[in-house]
Each structure stands twice: as C-alpha cells, then as structure tokens.
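Please have a look at the structure shown below.

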Amino acid sequence: MKKLLEINRVHVEIKSTNKVSVYPLKGVDLQVGLEETVGLVGESGCGKSMILRTILRMLPHGGYQTKGNISLNGDRIDKVGDKYFETIRGRKISMIFQDPVSALSPLMRVGEQISDIYRYNVHATKVEAWDLALNLLEALGIVNPKKVAYRYPHQMSGGMAQRINIAMALVCEPQLLLADEPTTGLDVTTQMQVLELLRDQLTRLRASLLFVSHDLRVVKKICTKVGVMYEGKIVEFGKSNEVFSSPSHPYTQRLLECATL
Amino acid sequence: MIKIIISMLLKNRKNLQKMIIQLRRPPVFVFLIMLFIVVFGPLLAPYDPLEPKPMNTLAAPSWDHWFGTDNYGFDILSRVLYAAQIDFSLALIGVLIGGGIGSLLGASAAYRGGITDFFLLRFVEVVQSFPVLLFALALFAAIGGGSRNLVLAIAIVNIPMYLRIIRSSLLPLRTAEFVDAARCAGLNGFIIVIKHFIPNAKGQIFSLFVLSCAYAIQIIAGLSFIGLGVEPPHPEWGSMINAGAGYIMLGVWWPSIFPGLAIVISVYAINGLSRQQMTDQIRSSV
Amino acid sequence: MKLQNYSGSEDPQQINNFAIFSRLMRYFIKRLGILFIVLIAVSMLTFSVTRIAGTPLYAAIGVYSTKEMIEERKEQMGLNKPLWEQYTNYLTGLADGNLGSSRRTFAPVKDEIGDRLPATAELVIFAVGLSILWAVPLGATAAFKPHGWADRLGSILSQFGVSVPSFWLGLIFIYIFYYILGAFPAPFGRLGGADPPSFVTGLYSIDALINGNLTLFLETLRYIAMPAITLSFTSSPPIFSVTRSAVSKVLGSQFVEAARSYGIPSRVINFRHIAPNAAPPIINIVAMTFGYMIGGAVLVEVVFSWPGIGTYAVQAMDFSDYDPVLGVVLLSATIYVVIYFLVDILQVVLDPRLRE
C-alpha cells in the first residue's frame, strides 16, 4: 500500500548562539498511510512536536534537518526550494495547534483569517473565499456563521476557537493534517466533541491525521495506529489497540503504567 | 596591621576569587579603571586646574599639555580630571537622595495601595510630564542655581523613577503571606515596609541605581552647559564644553572635545556595567 | 444534525456592543478626568514657582522705592489677595492665554512663544521623522535575525546614542561637517539670516515648498540637517529597542507560526499579522518621544542657535526673566500630557482586546 507520508532516518540539530547544539530528533522513521490516523505519544521533550515542525519546515531559529528524507506521496519534500514548499503548506499538509485562541491573529476577524488562507493558497477572490469560509463554519457545526465570522479571537470560547482553527487547517482540503496537542487546552467534554468533529471532517476529506499528544486516552479514541517516542526516536509503532494492550518496548510499558494510574 | 589585612583576605578567598574572575570581563575592567581615575584624579593631574597661564591660552595638545589649554590658559587635562570628581559626586549624592526617597515612597505605595497609591501615581505623572531640563530650569528660576540646587534637581528627577519601578516590583508582594504574618506579630506598617518590603527589591534598586547615575551625569553636564549648575571657574565637563563651544567653529577643538569624551566614556562604562549585570541575570535564570 | 449540539457551536455570550461602547466612554471620561487633574497640578506647580521666585514685585518696581510705593504696587498687582484667589486669577489668565510678559522685552510671553514654537516644531518633526526612518526598520530587521548585523549595529548605535551628550555631539558635527568639510552651513539658526519664505505654517521647509521655491527649500534642509541629525541620534535609542522587542515578541507568538503553517506568503504575514500587532508599542514610544522632545530639544537648540522655545527659555534665564521660562515649561508639560492622553485612547482604539 502506497504511503502518504514517509519519514526516514531523520535527524534534527538545533545550534544555539553559544555554540552548544541540541539534537531533538535522532533518527526517526515514521509512515502515515492514506486515510490513516496515526498518533504520536511520549513525554515532554521527546521530540514529538519537533517532528511536526520538521515536516512543515518550521524549526526554531538555528534548527536544521541534518540527515534523512521526508516524502509525500513518494516525492521528496525536505529538499525542495522554499518557494515550492510554500505551496505544500496549507494545501497538501496543514497543522492545528494547542492553544486555540493564541493560534489566531488577535487583531483580525476570524472569518477573514479563514478566507485569507483560501485566497492566498488558491488565488480565489475575496468574495468567493468569504462564502467558502461561511459554508465551512456551518459545516463545522457553528450556528450563526455570519455573526461569528465577524468576531475577534478573544471573543470566543476555547471550543469555538478550536473549530475556527480546524476550519483554517481544512479550508484548502489538505491530504495530511498534523495536530500538535489540539485538545490539551480544552475541558473534557469539549475535547471529545472536537475529536468527533475532526474524525468526521477527515472522513469527508479522505485525509490522514498525524496526532501528537501526551494524553493516551485521547489518542486511543481517534487513532488507528500509534507510535511511541522517547529521546528523539520512535521506540515502538503499531496498531493502537495492539500497542496499548500488549506493549513490547519497556518504555511503552512504563508509559502505560503511568497513564492508567 | 598588615597581618590583619592578610588574614581578612585569606578568609574571604572564595569571594575574592569570584571578584577576580569578574575582572576579566571588559565592562567591569573598564569601569574599575574609570573609578580609579575618578577617585585619584586630582593626584594624577599635572597642573592646578585653577592656575591660569595667560601666556599660553588656547594651546593645542602637546607634550606639555596633553589635552591643550583653554582660553584662560588652564590645562584641560587637569580640569577634566578634577571635574570627574565633581560630576560623579554631585550625581551620586543626588541619586542617593532621590533614589532613597523614591524607593521608600514606591514601597509605601505598593504596601498601602488605595488612595495613597492613587495620589502617588498622579504625583509621578505630574513630575514626569516636565522635560527634565525644563523642570530644572523652572526650579532654578524659583530657588536659584549653583551646585546645591543642582543636587536637589537631580534628586527630584529621580524620585518618580524609583517610585515607579519599586512600586511595580513590590506590588505583587502586597498580598504575600509574610506581610500578614509580620502584621500579626504586631509590627507597624513603617517597619514592615523598611525591613521586609524593600529588601525584596534590592536587585531592581541596584540596576536602576547604576543607570540613574549615568543619567544624572548627563543632566549635570547639560545644565552646566547652559550655565546653570556648577559655576565656572570650577571645572565641570558641561561648562568646559560650553566655554569651548565658540571656538570650535574656528578650528580650536580641544577645549570642548575632551570633556565631552570624558562624559561619553563615563556614561558608556557605567551603562556597560549594567548591561553586563543584566546579561548575567538572564544567563543565571535560564 | 448531531453537530449542532456541541458546546462551542452555539452562539456564545451575546456580544453586547452597547456595553462595550459605554465601557469605552467611561474609560475615555476617566482618562480625561485624570488629564485635567494632572494639568491642574502642573499649573499649581508653575504657579507656586512664580510666587517663590519673587519676581513680580521687585521686577516691577526696582530697588529704589519707598514702602508706600511697594504697598501700592502690591495692591495693584493683586498680591495682597489670598493665595487661593491669586491662583484662580492665574488659572483664568491661563485660560485666556495670558502667560505673563517678558521683563526684558515687555512683550507678552504668549506671542513670543508663538513666534518661536514653529521653529522647535519643525526641528522636532524632522528629528522624529529621521528616527523613525532608521530606528524602526533596523529594529524590525534585528528582531527577524537576532545577533545579526542589524541587531549588533542597532545595539551599538543605541548605546552611543544614550552615552553621548546631545550638545557635544552637535559640536562635533559642527566641527566635522562645517569646519572641516564645509558641507553644512554655520550654526546660526534656521536660515542663517536670509529671508524666510512667506508664512503659511511657520515651518520653513514646508513653506518654501508651498511657495514653489525649490532653492530656498534645499537651503532650509541644509540648515536643519545637523540639528535634526543630532537630536535624532540621541533620542532614537528607545525607538530602536521598543521596535526590536515588539517585533520579536510578535514573531515568537503562536499565531505567526500558525499563519505560516497555513501557507500564507511571508509578505502577507508581515503586513497583515506582524505589523498591526507590533505597532501599538511602537506608536506609543514614537508619540511619547515627540511629546518629550518639544521641551527636551533645549540643548540642541542652544548649540545651533536655533530660535525655538528652548533657546527662548535659556536666554530668559540668563536675564532672570522668569515669566518666559515658566511659560515654556508650562507649555511643554501640557503638550506632553495631552499627547500621553491621546496615545492612551489610541491604544484602546487599535486593540479590540482592551475594550473588554
């Protein structure tokens, strides 16, 4: 089966100004198939968020991918030019973030933020983009999309803001959605609802999901496969029910012990 | 006597070592050299700063007079060195007075809150709405010029700065537990403010102190330049620059340039010290 | 449709626009009230100086006068009235625009300041303009590339800008650019004694342009160049620092990263996301610098014999002529406080979050 995303032996180095280097990723191998939901779990600092940023080339100042390759649909994307890569961001791969309200630009109305993405990625007109944004808001279950579109980010709850973020990530119908702890800032009921929303949208778009979280419960609910990360490497990978019920790597066992306690 | 000094040094060996390591950094080193010159300036001066040499006015820098002479024949190098003491001491006294009062007021504002706080803040706003030099002008209009009033002006200018900063750094402490504990133990407000509040702002006070000294030197020089402040013929960097200002257009650059250079180096060195301290703080907190 | 029942999908807190508006109005009125309190306090300060200075009486009469003459004059000048009444008289006088008269020229201070204010204004406008021109782009570039050339250059320029006394720097410029290079004219004021352009705004450069006199316009530029550069250099360090830290803060925020991840082109991000969010503190510091410089340009004015309100005050001081000094001080403080108030209101207008 052809893989949507392939990451092979990727190493990342971050050079800081006082010549000390950090190596957040030390040889990561990961595959995400078509219409698959893959989870990534691990403790803080293991590098799971760094993988997402490496895929989208948004490493922090001084960070470089030193080894390995990343391919999308068989084509290498880690070495292409910056200009071409900008066509990948948003259109083929996009991302949602942890704190929904701060991921939104504070001085711009949310409707405009959604339509901007469509406008600049697909070169549509302002009017087309705005209509599309309204439709998308409605599809995501927002009552009164016209009113909400004129709101500012600080005027909405966490749950609604996360829906806006999901709208922004999916407006150009990407093939792969990256999620960096999207439910961590929300309360439990809202978490579940956002997850269901995500699942429905992904089925509709026939897209794949790479979901990073330290909350095993949430990963279990939405991901069919899961990878466990430790110290910059993936130590275990497989179908989520298998990994969670009978983990083979000792670290995974420890992790599960801590989680169920 | 020497035995006592040596034993003191040996006891504090660790601290001494720390201090010597500090010396290696350029800003600290430069600052200490400058401090040395300020303290021992008059001893290093080759001539009497107030002894005019009518035969030798406006002489260009030479081996005899490294910085040249001014229009009265005074040796500029000597005057610059003597002026260092005057400028620094006036600045220091003014900052100490103003900073002391400002810190007390700021701590009180943070502690009391309510109306005291409100009015103190308005007071700060009012005083700070006057550009510093014009404020000094108005003050001198009221009570005359001279060194003593110069110190007063510096003090008044510093009060709002310290008030603001101390107040904002101590404000979170108002609801801290140890305050309640102290009050329960029967200590009255005044003692609480002095003994418990202010020590918490020690770091802020020190870094502000360094910066406000540099600022004070600039103000003193500026006021003396206009003619208010230290009266000639007392050597002062600002008034020396003023005396030499008219001659610059004629190509006689040394009476004005050297005092100004002294100001630049002093202020730069002082600011460098505070910058070093700040980066230290950042590095140690990371 | 099951989706409708999700929390976060229904219409949240009814955004009550009327409540927001009334809250804004209350804030505006509160700031206006504080503005008045501060202005009153400022006038009280200057008033008390006029009383302490003791000028009015002896200045009016002179040294050789009998007791009766002094008493008579006192009565005439209203100095026997209670302090409270004197103060209210002073205030009403101010409201009329009466700032006293110069002891030396016998002209009303208001008129003399009015004559000189455009000179200071022009100088400050050019200086602030120059500062914005170099400090803002440099600060932004420094924020994008920490420890890069912009960061290091800007830091060094800032450190020197703060350490160098403005009057000394002016003298150095005079020495280098006038005496040695002859590039700029001698520091004898706005046009060195030549005839100014016909009055429109009082700003010689603008007036020259309006009159269509290009050579005169270039001349005004030649004269204003050195003072403006001097003033700009010593007052721009805060603008550089604030720009650098504001842009840096925005660059590190989550929504910029998010916008980049959605594929929005960098140019668009810079203008629609970074600039509006970094702007408020920058506008703040520029306005405050402007407000401060009206009175703070004194030293530079003196060095270049620039006929502004600063030199006016200094000259008056030399003659123990106190009314002009206080007039200038009062005016500068008022301008500063008013600008501070306007900037405060502007912050709320620019940032919807502050309206809550």
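The points below are grouped by topic.

This is a predicted model, in which local features need pLDDT of at least 70 and side-chain atom pairs count only at pLDDT 80 or more, while totals for chains, interfaces and linings use all residues. Residues are numbered from 1 along each chain as its sequence is written, and chains are lettered from A and ligands numbered from 1 in the order in which they are written.

**Contacts between chains**

- Among the 2 pairs of chains that touch, chains B and C have the most contacts; two residues are in contact if their C-beta atoms, placed from the backbone, lie within 7 Å.
- Chains A and B do not touch, and their nearest C-alpha atoms are 11 Å apart.
- The contact between chains A and C involves 41 residues from chain A and 33 residues from chain C.
- On the chain A side, at least two residues each come from strand E6 (93–96), helix H3 (110–122), helix H6 (158–170) and helix H7 (188–205). Helices (H or I, at least four residues) and strands (E, at least two) are DSSP runs, numbered from the N terminus.
- That side of chain A has 17 nonpolar, 16 polar and 8 charged residues. Ala, Val, Leu, Ile, Met, Phe, Trp, Tyr, Cys and Pro count as nonpolar, Asp, Glu, Lys and Arg as charged, and the others, Gly among them, as polar.

**Domains of chain C**

- Chain C has domain 1 (12–95) and domain 2 (109–355), with bounds from an automatic or database domain assignment.
- In chain C, 16 residues of domain 1 are in contact with 12 residues of domain 2.
- Helix H1 (residues 17–53) of chain C gives the largest share of the domain 1 side, 15 residues.

**A helix pair in chain C**

- Helix H12 (residues 266–296) and helix H15 (residues 322–350) of chain C pack at about 170 degrees, with axes 8 Å apart. Axes are lines fitted to C-alpha atoms, for helices over the stretch in contact, and angles run from 0 to 180 degrees between N-to-C directions.
- H12(C) is therefore roughly antiparallel to H15(C), a term for angles over 145 degrees.
- Their contact has 14 nonpolar, 5 polar and no charged residues.

**A sheet in chain A**

- In chain A, 6 strands form an open sheet with mixed pairing, in the order E6-E7-E8-E3-E9-E10; two strands pair if DSSP finds at least two bridges between them.
- The edge strands of this sheet are E6 and strand E10 (233–239) of chain A.
- Strand E9 (residues 225–230) of chain A runs antiparallel to E10(A), joined by 6 bridges.

Notes
Parallel < 35°, antiparallel > 145°, perpendicular 65-115°, else oblique.
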